[in-house]
Amino acid sequence: LNRFVLIDDDELINYIHRQVIYSVAPDADIVEKTSSSEAFEYLKVLSSNKNPDDRYFIFIDINMPEVNGFELLEKIGPMIPQEKACAFFVVSSSLFSSDREKAFSFPFVSGYREKPLSKQDIREILQQPM
Amino acid sequence: VHIFQLNQAQFVICTFYSAGSLVPSQTQASISMSPFLKKVEKILTPKRDALENTPELDILVAKGNSLHVLLLILLFFYAFAFTIINYVQGNTLDMLLTAIPLPVVIFEYIIYKRGYPILSKVLNMFHVTTIVGLLSMIHSPSNGVLAFYIPILVGTQLTFFGKERIYAHVLTVYILLALIFFLTIDFQFKPSLTGSKLRIDLFVNLFGAALATTFEILFILSVSNRIQEDLFEKSAQLNIRNKELTAALGENQKQTNLISEQLKIIQESQEDLAKLSMIATKAKSGVIITDAWGRVEWINEAFSKITQFELSEVKGKKPKEFLQPEGVEHPGFDLLRNRLKNQEFVEVVVPNKKKDGSIYMNQLEINPVFNEKNELINFVSLQRDITEELNRRDEVERTNRRFGLIIDQASIGMWVWMPATNEVIWNDVLINQYGAKRSEIEHNLYQFWQDSIYTEDRERNANNSIRLVNGEADLIKDLYRIIRKDTGEVRFVQTVTIAERNKNGELKQLLGISQDVTNEKQLQLSLENKNAELIRINSELDSFVYSVSHDLRSPLLSIKGLLALVFDTPNIEPQVENYLRMAEKSIRRLDDIIKEILEYSRNTRLEVKEEPVDFRLLVEEIYDDTRFIVEKDFCFHLKLEEPVIFISDRSRMQTVMRNLIGNAVKYRRRQAEPSYVECRILRKDGTIVIEVADNGEGISDKNLARIFDMFFRGSSTGSGTGLGLYISKQIVEKLNGTISIESKYAQGSTFRVTIPDKKRNA
């Protein structure tokens, strides 16, 4: 089962992304988190009891109030178990190439995508080997 | 008859004899008119050799000899003949009388021959005629003819006094008269001698003899007087000469004494030795040595060189007499006079006069010299012409004054502290800097200064002073705060303090300058504040731009996403879809504008980075991004023979290249043969030249000039924002490069970017 976690404070973009994902993978399980703290709690639980058959795709926005995307990545970094199929993607509207570089500085980040995600993006992500 | 005969004989003898005496005198007269003095000299002068050798006398003797000897011989034979006659006749007495001249003549001959002119003349004075006359008077008192001897006698003496010519004339007349008289009168009355006649004859004879003797005595006296006078004259001259000699000897003696005294002094006194050796070594110093009364005894060459006076000119004079210029007043003269009067050492500078009258400044050092009895014997004066030195000193002072003026004008405070006396001197500018009045702070400048320094700066200041005094530093620059005495305001002073040390490294003085830089400091502070403010604003702007771009773009991107969902929806009305496509296009353009504004703002704000840029990677990345939006037959060329990696700001270069390549793509000509864009790069003369060429629409000449202007759009084709080339130009200029374009309308354009080829570590 493909499980998607959308972390973005903008609910509209979460909605758009959810629709795009459904249009490509109608049976996907999608969870939306609109704040970093919520997302952190969720990911903490997820890392401890996770279904080994599922694939996790976690989309994190950079620009969020309080704790931004990069800070969240730093916090959850140590908790990520190696054996679990889990791909992190940084999704941003940023135009700064420095953001892209910074995103790839995290070894467990699989990709960087510009908002809004397109059907093409989802297809590519799903085709990626875990 | 025999008497007659005798008298006749006597007369002839005497006549001849007198003539004989005359001859050398005449000769002598023709040679020298005043031989007498020389003869006297010959008697009196001790140096007779010199006089004897005079040519006059040699000639005299020689000439006299030849004639005189001849006459003497004639006379001898004549007298000899009469002596024989008288002998034969038996007149014994007459014979004796005529014989008398014979030894005399012989004696005289010997004298002349041997060259004793003096003796011959002495002999003349006791003339043989006188003897003969006196003897004949005894023999025959009536012989009046003897009276005629008198003039002969006189004439003979005259020759002694250089009156030979007169005598020669007188004698000639006399001989003629005597002959006439003798031949006429004598013969007549001789045979008839009577008693009365005898008396007359006797009287005449006696009278004549007395007269002759008197004359003789008178002349001898006259001669002796003249001799005496000459003697006096000569002895006076000799005395003078003697005195000169004595004086010279005395001078020599004195010099010798002086030298020996100096030698003694040298031996005795180490200090004087040093002084004398100083005289010797300092050959440039003039030296005068005077006696105890200040009269010059000796000067050295250096003194002559300075003043042009020679020793002979100034010897015995007082230096004052020839050195002190008339009508010039100088305090040094009084000092000199007083010290010398008290026989004290004096060192003074006075104006003096050279021989040519020019004035020079003379640095004098006069030492009185005493002997062991502590009596003043000499003054030794060292002299130096310091006129030029003084002039130079004047020049230095003038320069100093000028500097002083500059320092005052430049508002530079100056101070000096001398540790030896603990004296502190401030100039007026410094006192003004501290807002004080000299009279208020003069009594304790140091304390005032310490109190004026801003409390927080005091310790640092004190440490600086300690470092300078201890020799840890020779120069310290500092900037500290002081509190003005008058206004109480805090002022900044920029100071430089210099420690001046002697050869041994001991501190001579601390010297400082101080400048009130409060205004400059305030300016600097406000500048710094403004700078910090600007940096703050800049960073605020940075985050503002960041969040604005994000916040502006987020809704835009949402719309974009929503539109994508709409287009994905089946069965949309074509008209609606058309509207939505137009909306999407509009949104993309808005997004482009936001992107470009962001790039522009980043270029102006961010520091230029220096990092390696691989041209191939740079271009290919852009090509890859662009490839999806153009037709399949669009050609992307990259002309690169070998990898080129240059040092620049990668992000900025990316923006420029993206714009240029983007333009080539955007404005491609669709109807022509396959469109292309070609990127080239080459290193040339320390620059990197990048060219981006296409065969696109090109730019018309009228637009070419404005192509890099802000918001200028040369083409209605495509969706340009009018910012791309403007931003590119700004970036290239930020990288110290240039950008240019060659373009032909409807044929294509070539952009050329030239940037410095920096070294990797530069």
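Me: Left-handed or right-handed: what is the crossing in which H24(B) passes H25(B)?
Reply: Helices (H or I, at least four residues) and strands (E, at least two) are DSSP runs, numbered from the N terminus. A crossing is left-handed if the near helix is turned anticlockwise from the far one by less than a right angle, and right-handed if clockwise. The crossing of H24(B) past H25(B) is right-handed.

Me: What kind of model is this?
Reply: Residues are numbered from 1 along each chain as its sequence is written, chains are lettered from A and ligands numbered from 1 in the order written, and side-chain values use heavy atoms, without hydrogens and water. Local features need pLDDT of at least 70, side-chain atom pairs count only at pLDDT 80 or more, and totals for chains, interfaces and linings use all residues, for the model is predicted.

Me: At what angle do H24(B) and H25(B) pack?
Reply: Axes are lines fitted to C-alpha atoms, for helices over the stretch in contact, and angles run from 0 to 180 degrees between N-to-C directions. H24 (residues 615-627) and H25 (residues 650-666) of chain B have axes 10 Å apart. Their angle is about 45°.

Me: Which word describes H24(B) relative to H25(B) at that angle?
Reply: Under 35 degrees is roughly parallel, over 145 roughly antiparallel, 65 to 115 roughly perpendicular, and the rest oblique. That angle therefore makes H24(B) to H25(B) oblique.

Me: Why is E4(A) largely enclosed by the rest of the structure?
Reply: Buried means under 20% relative accessible area, exposed over 50%, partly exposed in between (1.4 Å probe, protein chains only). Strand E4 spans residues 86-92 of chain A. It is largely enclosed because the buried residues number 6 of the 7.

Me: Which residue of E5(A) is the bridge partner of Val91(A)?
Reply: Two strands pair if DSSP finds at least two bridges between them. E4(A) and E5 (residues 109-114) of chain A pair in the parallel sense over 5 bridges. In E5(A), the partner of Val91(A) is Arg113(A).

Me: Which strands stand at the edges of the open sheet in chain B?
Reply: The sheet has 5 strands in the order E2-E1-E5-E4-E3, with antiparallel pairing. Each edge strand has a single partner strand, so one side is left without a neighbour in the sheet. The edge strands of chain B are E2 (296-299) and E3 (346-353).

Me: Which residue of E5(B) is the bridge partner of Ile366(B)?
Reply: E4 (residues 359-370) and E5 (residues 376-385) of chain B pair in the antiparallel sense over 9 bridges. The partner of Ile366(B) in E5(B) is Ser381(B).
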